[in-house]
Amino acid sequence: MANTPYPQSYYAASANAVPPRPVLQGEVETDVCVIGAGYTGLSSALFLLENGFRVTVLEAAKVGFGASGRNGGQIVNSYSRDIDVIERSVGPKQAQLLGDMAFEGGKIIRERVAKYQIQCDLKDGGVFAALNSKHMGHLESQKRLWERYGHTQLELLDERRIREVVACDNYVGGLLDMSGGHIHPLNLALGEAAAVESLGGTIYEHSAAVRIERGANPVVHTAEGKVRAKFIIVAGNAYLGNLVPELAAKSMPCGTQVITTAPLGDELARTLLPQDYCVEDCNYLLDYYRLTSDKRLIFGGGVVYGARDPANIEAIIRPKMLKAFPQLKDVKIDYAWTGNFLLTLSRLPQVGRLGDNIYYSQGCSGHGVTYTHLAGKVLAEALRGQAERFDAFADLPHYPFPGGQMLRTPFAALGAWYYGLRDKFGM
Ligand SMILES: Cc1cc2nc3c(=O)[nH]c(=O)nc-3n(C[C@H](O)[C@H](O)[C@H](O)COP(=O)(O)OP(=O)(O)OC[C@H]3O[C@@H](n4cnc5c(N)ncnc54)[C@H](O)[C@@H]3O)c2cc1C
């Protein structure tokens, strides 16, 4: 692990072996140049290769270096804002299309894992845990809402029943989604990258796109080479920086932190989460956790607006873990890391096209494991000339953060402080 640029995470330490990948040198020609080898880029690349396109992926660091190789590993359906919010802000046809797609990402992951034999510890079952009766009311409506869109693998859990799936006394109930679940996120990305290469795609690592020459025949430049392509897909999300200024304007990178305990042993692990489901609570600033295949607890929470790296992650996250599981007070923390996701003001993803041939998807605002897999499919459809589903996303309204790039961080932090207070008092 010392020779890789991955953060010192549990995932990097337990990653499957991968072959070294080249740095781009000289000039190559391709149909589609994908910028970024996270789930958005890899999913796009896979769908395009399966449909006969030639694909070249440029990755600034290594496959899964960004959020895709650092996240909580929770397969959560729908978007960071749910379909009811979408229903209120767009017309019925667009809402129907977006609602129908809200449960597709998890299916794509499972299809990918099966088709390409990806070893990523896939487990079924995710729980949304209610800390108060308001949360419970929200979960009841969420169940009705999701069932309206044909999503049926849901079970409301009362106070007794949730104790059977998670040994935490703080919850008054919950919602179990058996089509949710969890994965080793970096190994999923690495498996998808291997699938890209098995279909003839090329991935260059340590090959950041530093400039895009726009026009009828766009060219992506790296430090030592260039890619001539018919189309470009920008999939750098929170790690993109200012490569495409239009995309930086309406989004904000945010950090969120994760810790991993030492192995708990089978018995303690089974006591905490007997069915091995993953859990997230219903707070705005939510806690999320799950077991790993070697029976550690991975626990995440907290948001740093503007994506500064906190000095002591364990000091921030461990107290949250102990609030949920005081029984872990003597358990050592083996890993702590941070990762960046991309927030939009609406918390809905930004999808679109710049000119005729530069496509992008970014900003899923927290819940992105399933959405990014769907995004790859939707972008690939658009490149093949089927843009109905792409347009449903592209037509979502997006606005800049108040205060512009200078003041967006304090404004967002203020908003989060307000919602944090509401969480604290169960409002
Ligand atoms: C700590 C953490 C926990 C999370 N937990 C969950 C969870 O449990 N469930 C869930 O649904 N979502 C979760 N998320 C969100 C989810 O991980 C992301 O939404 C998703 O992985 C984003 O994928 P992506 O491919 O769009 O971006 P990323 O995975 O960030 O990939 C972007 C890639 O682009 C590369 N790149 C950037 N700029 C360039 C450039 N100029 N040239 C070449 N390459 C470039 C980067 O190096 C990076 O590898 C979490 C996020 C974080 C940070």
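Student: Which residues touch the most other members of the largest nonpolar core, and what makes a set of residues a nonpolar core?

Tutor: The largest nonpolar core has 126 residues, and Val32, Ile35, Ile233 and Val234 touch the most other members. A nonpolar core is a set of buried Ala, Val, Leu, Ile, Met, Phe, Trp, Tyr and Cys residues joined through C-beta atoms within 7 Å. The model is predicted: local features need pLDDT of at least 70 and side-chain atom pairs count only at pLDDT 80 or more, while totals for chains, interfaces and linings use all residues. Residues are numbered from 1 along each chain as its sequence is written.

Student: What does Ile233 touch, and what makes two residues a contact?

Tutor: Two residues are in contact if their C-beta atoms, placed from the backbone, lie within 7 Å. Leaving out residues up to four places away in sequence, Ile233 touches Val32, Val34, Ile35, Gly41, Ser44, Tyr359, Tyr360 and Leu379.

Student: Why is Gln117 called exposed?

Tutor: A residue is buried if 20 or more other C-beta atoms, placed from the backbone, lie within 10 Å of its own, exposed if 12 or fewer, and partly exposed in between. Gln117 has 10 other C-beta atoms within 10 Å, so Gln117 is exposed. Gln117 is found in the loop between α5 (104–115) and β4. Its phi is near 50°, a positive value in a residue other than glycine.

Student: Why is Asp276 given the class that it has?

Tutor: Asp276 has 18 other C-beta atoms within 10 Å, and is therefore partly exposed. Asp276 lies in the loop between α10 (266–272) and β12. Although Asp276 is not a glycine, its phi is positive, about 65°.

Student: How is Ala95 classed, and what does Ala95 contact?

Tutor: Ala95 has 19 C-beta neighbours inside 10 Å, so Ala95 counts as partly exposed. Ala95 is found in helix α4 (residues 92–101). Neighbours within four places in sequence aside, Ala95 is in contact with Ile83, Ile86, Glu87 and Val90. Ala95 and Asp276 are 181 residues apart in sequence and 34 Å apart in space, C-alpha to C-alpha.

Student: What makes α2 a helix, and how does its span compare with the expected one?

Tutor: Helices (H or I, at least four residues) and strands (E, at least two) are DSSP runs, numbered from the N terminus. α2 has 12 residues. The expected span is 1.5 Å times one less than the number of residues. From its first C-alpha to its last, α2 reaches 16 Å, close to the 16 Å expected. Just after α2, Gly52 takes a positive phi of about 90°.

Student: How do you know that α2 is largely enclosed by the rest of the structure?

Tutor: 11 of the 12 residues of α2 are buried, so α2 is largely enclosed. Among the buried residues are Tyr39, Leu42 and Phe47. The buried residues pack against several elements, including β1 (26–35), β10 (225–234) and α12.

Student: What makes two strands a pair, and how many bridges join β4 to β6?

Tutor: Two strands pair if DSSP finds at least two bridges between them. Seven bridges join β4 (residues 123–130) to β6, and the two strands run antiparallel; β4 and β6 therefore meet the criterion for a pair. Lys123 stands opposite His182 in β6. Strand β5 (residues 154–157) also pairs with β6 in the antiparallel sense, over four bridges. There, Leu156 stands opposite Leu175. Eight of the 10 residues of β6 (residues 173–182) are buried, so β6 is largely enclosed by the rest of the structure.
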